[in-house]
Amino acid sequence: MSTPKRIFVKGNEAISRGALAAGMKCFFGYPITPQNDIPEFLSQALPDAGGQFVQAESEVAAANMLLGAAGCGIRAMTSSSSPGMSLKQEAISYMAGSELPGVLVNVSRGGPGLGDIGPSQGDYFQSVKGGGHGDYKLLVLAPGTVQEAYDLTIKAFDLAFKYRNPVLVLADAIIGQMKEPVVPWVPENLDPDEGQDWGLQGATNRGPRLLKSLFLDDGALAGQNQKLQAKYQAMQAEVDQELFLTEDAELIVVAFGSIGRIVKSTIRKLRAQGHKVGLVRPITLFPFPSEVLLNLAKEGKRFLTIEHNMGQMVEDVRLSIRTVADSAFHGQLPGNLPTPDDFEEPILKALEG
Amino acid sequence: MTQEIRVTNYPEVLTDRASHYCPGCHHGTAHRLVAEAITDLGLVDKTILVGSIGCSVFIYNYLSLDAIESPHGRAPAVATGVKRARPDKIVFTYQGDGDLASIGMAEIMHCANRGENITTIFVNNTVYGMTGGQMAPTTLVGQKTTTCPGGRCRENEGMPIRMTEIIASLGGVAFAERVAVNNIKNIKKARKAVTKAFEYQTKEVGFSFVEVLATCPTNWRMTPLQANKRIETEMIPYFPLGNFKDVLAKEEK
């Protein structure tokens with residue numbers, strides 16, 4: 001096989017192409033800015049690839065279509081943006097309860113409410129702390145580049161089936177709308193029997209299969225929740241993060257997604273000026289790279305968390321390092337596109353201590 | 001002396017277990033009609049059931065089929081996902097009136113309008129059963145429920161929604177019929193309609209819909225016999241029985 005050529009695409013298209021490369025069979029969408037390129041691209045590309053595209057009547061319906069398709073043990077996805085993700089939470093909770101491996105993409109925007117269509121990281125809590133009702137967790141992957149948007153979408157499908165759990169790709173308007181070179185790749189050895197041993201297909205020559213989240217018998221719901229919690233514990237094995245110039249750093253900036261990459265530029269500039277700053281960019285937001293942060297704290301480093309919101313992930317950073325250190329915080333308000341220069345002052349201030 | 005004549009065999013897909021439904025409730029009859037249709041058409045091995053919320057949430061206990069549960073009202077969307085993932089399977093939803101005509105109105109309308117090759121069995125007993133007898137979109141004017149204790153009032157709550165007529169008006173619908181299961185004659189007609197609805201799905205001609213007028217003696221505060229009678233005297237006059245759409249009828253003639 002020859003080396004694939006680089007393509008120059010928007011993050012939204014990279015997500016769409018990643019999903020196709022991952023063998024996605026069904027996609028369910030509903031228009032909302034800034035993710036519209038995904039359903040628009042897939043409405044043509046997915047049927048061409050032999051799959052099914054449905055424009056649902058609402059985000060609620062799209063997420064429930066995903067629930068049904070995922071219940072068949074096939075690779076399926078829906079995408080949306082912040083207000084639409086709120087509407088999908090009902091189905092996400094049911095999918096977590098029924099242990100269904102759907103992939104969801106949130107190209108998030110400013111809120112609360114209708115907010116705006118610019119970038120924001122205001123959906124962090126909703127993404128990693130639940131969002132829907134009940135005691136559940138999603139695997140949450142946060143791309144920081146368009147290439148990562150491609151790569152992590154493929155990974156999302158693998159993880160969804162590995163754990164039989166919904167997986168969320170949390171991008172934002174910057175990642176979704178930005179064009180960058182991507183080297184496309186296709187995962188090898190996709191398991192043709194994936195989902196065959198539990199998915200719905202008609203009870204041919206066997207007993208019926210039942211996918212549900214209702215557990216009324218004495219102790220049954222407790223048992224299901226214990227099983228789910230054990231699964232979330234096992235997901236700790238999937239922790240992933242980017243470490244940038246952390247070894248000799250006095251100050252560690254923690255930032256994810258597009259803000260992580262912008263901060264990286266700031267750090268390059270400050271390093272050139274001799275300032276010892278480094279970056280930890282969590283790629284999995286759940287599971288959160290707590291151990292990595294704790295170990296850095298034990299080395300005596302100080303911390304600054306930067307987010308495109310008024311302080312959400314910083315709570316997880318503080319929980320991670322609380323026994324040895326605290327984290328300063330700089331919040332970027334939504335409604336604007338931050339530049340590396342915007343973060344210079346807060347980083348220098350935190351460096352002074 | 002009466003003679004007992006077996007008119008149908010126990011369908012293999014119906015499980016042999018006591019039901020949780022109240023005495024006189026028609027869910028059991030409706031379940032059986034579905035079971036008979038699926039068995040008669042030879043579809044047992046390829047049918048996927050999409051359950052909903054309400055008393056019938058446990059339908060998977062009584063039908064031995066691959067099944068998935070859906071959030072309240074969303075069964076037609078879940079079924080759409082199932083059918084798109086497995087177009088070669090027979091997919092049906094089983095929904096009550098609160099589920100289908102209230103919270104799930106958008107999902108049923110669009111699923112039907114898209115012409116998904118799905119069958120919906122809509123059990124209309126004019127009340128929310130499982131939650132304790134609250135007003136439904138199909139509650140008749142004057143009917144007392146726990147949330148319209150003075151009786152449903154047209155000025156305040158509007159008129160009961162006639163779903164089959166609405167569904168029949170949509171382009172993607174192949175078959176829409178309203179039946180009742182309050183007497184043998186009506187049950188026989190209901191059986192034919194349910195079978196036809198599933199048969200049409202095998203022919204991939206579009207969405208098929210059967211509304212079953214049913215009792216809820218517990219929440220109607222009636223005996224089973226009184227409840228059966230109410231279907232005849234109060235429900236059928238407002239919800240007329242019959243076929244409202246049949247895209248293959250002309251061809252058959």
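Predicted model: local features only at pLDDT ≥ 70, side-chain atom pairs only at ≥ 80, totals over all residues.
Which residue of strand 2 of chain B stands opposite Leu210(A)?

**Entry 1: the strands.** I looked up Leu210(A) and found Ala67(B) across from it, in strand 2 of chain B. I then checked the strands themselves. Strand 9 of chain A, residues 210-211, pairs with strand 2 of chain B in the parallel sense, over 2 bridges.

**Entry 2: the whole interface.** Next I stepped back to see how the two chains meet. I noted 31 residues of chain B in contact with 37 residues of chain A. The area buried between the chains comes to about 2,600 Å², and carbon and sulfur atoms give 60% of it.

Entry 3: I looked for salt bridges between chain B and chain A, and the count is 3. One that I looked up joins the side chains of Arg206(A) and Asp66(B), at 2.8 Å from N to O.

**Entry 4: what chain B brings.** Which elements of chain B supply at least two residues each to the side that touches chain A? I wrote down strand 1 (47-51), strand 2 (66-69), helix 2 (75-85) and helix 4 (105-114). Helix 2 of chain B gives the most to this side, with 7 residues. Sorting the residues of chain B's side by type, I got 14 nonpolar, 7 polar and 10 charged.

Technical notes. Residues numbered from 1 in each chain as written. Chains lettered and ligands numbered in written order. Heavy atoms only, no water. Contact = heavy atoms within 4.5 Å. Buried area = accessible area lost by both parts, 1.4 Å probe. Salt bridge = Lys/Arg side-chain N within 4 Å of Asp/Glu carboxyl O. Helix = DSSP H or I, 4+ residues; strand = E, 2+ residues; numbered from the N terminus. Nonpolar A, V, L, I, M, F, W, Y, C, P; charged D, E, K, R; others polar. Pairing = 2+ DSSP bridges.
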